[in-house]
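Please read the following note beside the sequence and the model. The points are numbered so that each can be checked in turn.

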Amino acid sequence: MGTAVVALLALTACSTPAATGPGSATDTFVVATAGEPDNLNPVLGYGADGASLIFDGLVARDDRNALSPALATDLPTVSADGRTVTARLRTGVTFHDGKALTADDVVFTYRSILDPKVDSTIRSDLDMLDKVTASGADTVVFTLKYPYTPFLQRLTIGILPELPGQDMNKSEINRKPVGTGPYRVTSWTPGDKLVLAANDTYWGGKPTNSGVIVAFVADDNVRAQRARAGEFDAVEVAPRLATAFGGYTVHKVPTADYRGVMLPMNGPVTGDLAIRRAVNAAVDRQAMVTGVLAGAGDPAYGPIPPTSEYAAPAPTVGDAATILDEAGWTLGADGIRARNGQRARFTLMYPASDSLRKELALAVTADAKKAGIEITPEGLTWDAIDPRMKDDALIMGWGTPYDPDFVSYKLFGSRFAGEGYFNPGSYASAVTDEALEKGRTSSDPAERKAAYQRFQEQLAADVPWVFLTYLRHTYLVRDDVAGVRPRVEPHAHGVENAIWWNIHTWTRK
């Protein structure tokens with residue numbers, strides 16, 4: 001940020017004039033996050049899990065992540081065969097431009113996501129949706145191709161006003177959106193900040209503050225330094241940088257956000273099952289939690305968090321040296337193993353701006369070396385990482401506290417092999433595919449639980465990922481802020497789904 005912007009943020013976040021009511025200088029909250037969205041269009045994937053601040057879905061999640069009605073008057077109803085879902089809309093809801101919400105807007109939003117001409121990153125999340133239609137001005141009917149148990153959880157997607165004839169890929173709404181949410185966009189300066197103003201006619205009640213400034217600060221160290229300078233009311237920081245200091249409280253928020261090593265299945269070394277199992281056995285997860293995460297996390301052995309009713313017990317990982325010995329990987333004089341002229345070595349990429357992933361990469365490298373596997377960590381930009389994911393290992397992060405179908409279906413299903421950040425290592429297993437399909441289509445809780453148990457057991461056997469840790473997202477929040485209600489967070493957080501998910505109810509003490 002430039003000097004003028006820093007001064008603005010400092011004024012907004014730090015000054016404490018006597019007046020603190022609506023419209024006062026301290027009535028705007030300044031928050032800071034590492035990630036900046038590519039766009040602000042829910043059709044293209046922004047805020048798909050809700051809490052976008054700008055939009056509302058038909059349903060929302062409360063502080064326990066339980067579903068509650070939002071633009072729908074009640075939770076939508078599901079037919080006995082699981083293939084028809086009906087939602088009735090609230091009356092009197094308007095968009096930021098004053099236009100009344102109707103069923104046509106909901107139909108337009110979902111049809112746009114399904115439109116193959118639209119570059120929607122969440123289209124595959126709705127592959128069960130056959131059609132969506134309006135029944136009058138206030139009723140929407142979703143017809144599914146097959147029963148999909150967690151469909152109501154897909155109705156958190158923000159609703160756009162109907163925009164006939166617009167190219168969603170290039171629409172100005174991508175940067176200047178119009179929603180029904182508690183805040184409207186005033187300005188967005190890429191690489192700098194997003195400025196939001198309170199929606200005084202919000203159907204859920206006028207926000208308790210006049211606005212929010214979201215500062216985008218990619219570098220962990222810079223974000224922490226600026227927090228110490230008093231620029232922010234709330235800021236996400238790396239766990240090891242989250243030391244308490246005057247005027248701020250450290251919040252370590254539980255999450256389903258895991259970090260792990262994605263191992264390409266076609267690599268000359270990572271494609272070998274013994275290598276993958278040995279790395280899985282060699283890593284010291286508890287040491288990573290204690291050292292790298294400063295205690296703000298938990299060991300991870302799979303993609304379904306221990307807090308979930310679907311979580312499987314931690315698997316037995318074995319002994320790294322024994323696994324490699326039995327597979328014919330022989331220890332050389334230099335301490336590195338080899339087999340048939342192939343050295344046990346591979347590159348491990350990580351995003352250079354992410355200090356946490358760097359430290360995890362270094363820890364994995366040190367642990368693997370003890371077993372005779374040579375890993376070369378390499379910090380890169382995401383642009384440099386993208387074309388190499390099919391060949392080189394990568395410290396990745398995903399995870400969701402919502403339904404176990406979310407994320408895992410695309411991350412480990414063979415039909416998504418090699419498609420961007422979903423299954424970039426081209427993992428394929430008939431057992432895994434069958435379990436994932438059963439889990440998403442069965443309405444029987446016992447059947448679903450058994451399916452996800454099989455899924456986790458197969459992942460533990462195949463080791464397409466070496467799961468390392470679950471994080472606790474760490475924030476510094478100014479002591480004079482009231483109304484903070486942390487909830488279990490997903491991997492994707494930033495403008496949306498962070499500790500400020502309910503910032504429209506925040507006030508100053």
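1. Two strands are taken to pair if DSSP finds at least two bridges between them, and strands (E, at least two residues) and helices (H or I, at least four residues) are DSSP runs numbered from the N terminus. The model is a predicted one, in which local features need pLDDT of at least 70 and side-chain atom pairs count only at pLDDT 80 or more, while totals for chains, interfaces and linings use all residues. Residues are numbered from 1 along each chain as its sequence is written, and side-chain values use heavy atoms, with hydrogens and water left out.

2. Strands S4, S5, S7 and S6 form, in that order, an open sheet of four strands with antiparallel pairing. Strand S4 (77-78) and strand S6 (129-134) are the edge strands, each pairing on one side only. Strand S5 (residues 84-88) and strand S7 (residues 139-144) run antiparallel and are joined by five bridges; Thr86 has Val141 in S7 as its bridge partner.

3. Asn502 sits in the loop between strand S21 (481-482) and strand S22 (507-508). Asn502 counts as buried because its relative accessibility is 1%, where buried means under 20% relative accessible area, exposed over 50% and partly exposed in between (1.4 Å probe, protein chains only).

4. The side chain of Asn502 makes a polar contact with the side chain of Trp506 at 3.2 Å, and a polar atom of the Asn502 side chain lies 3.0 Å from the backbone oxygen of Gly483. A polar contact here is a pair of N or O atoms within 3.5 Å; within protein, one must be able to donate a hydrogen and the other to accept it, and residues adjacent in sequence count only if both atoms are side-chain atoms. With neighbours within four places in sequence left aside, Asn502 is in contact (heavy atoms within 4.5 Å) with Gly483 and Arg485.

5. A cavity is a set of points on a 1 Å grid over the protein atoms alone where a 1.4 Å probe fits but cannot get out, and its lining residues have an atom within 4 Å of a point. Grid points are joined across faces, edges and corners, and a volume is the space filled by probe spheres set on the points. By this rule there are three cavities of 30 Å³ or more.

6. The largest cavity holds about 70 Å³ of space, and its lining includes Asn280, Arg285 and Tyr301. Helix H11 (445-462) and strand S20 (465-478) each supply at least two residues of that lining. The second largest cavity has a volume of about 60 Å³, and among its lining residues are Met262, Asn423 and Trp465.

Note on methods:
On a 1 Å grid over the protein atoms alone, a cavity is a set of points where a 1.4 Å probe fits but cannot get out, and a pocket is an open set with protein on both sides within 12 Å along at least five of seven lines; lining residues have an atom within 4 Å of a point.
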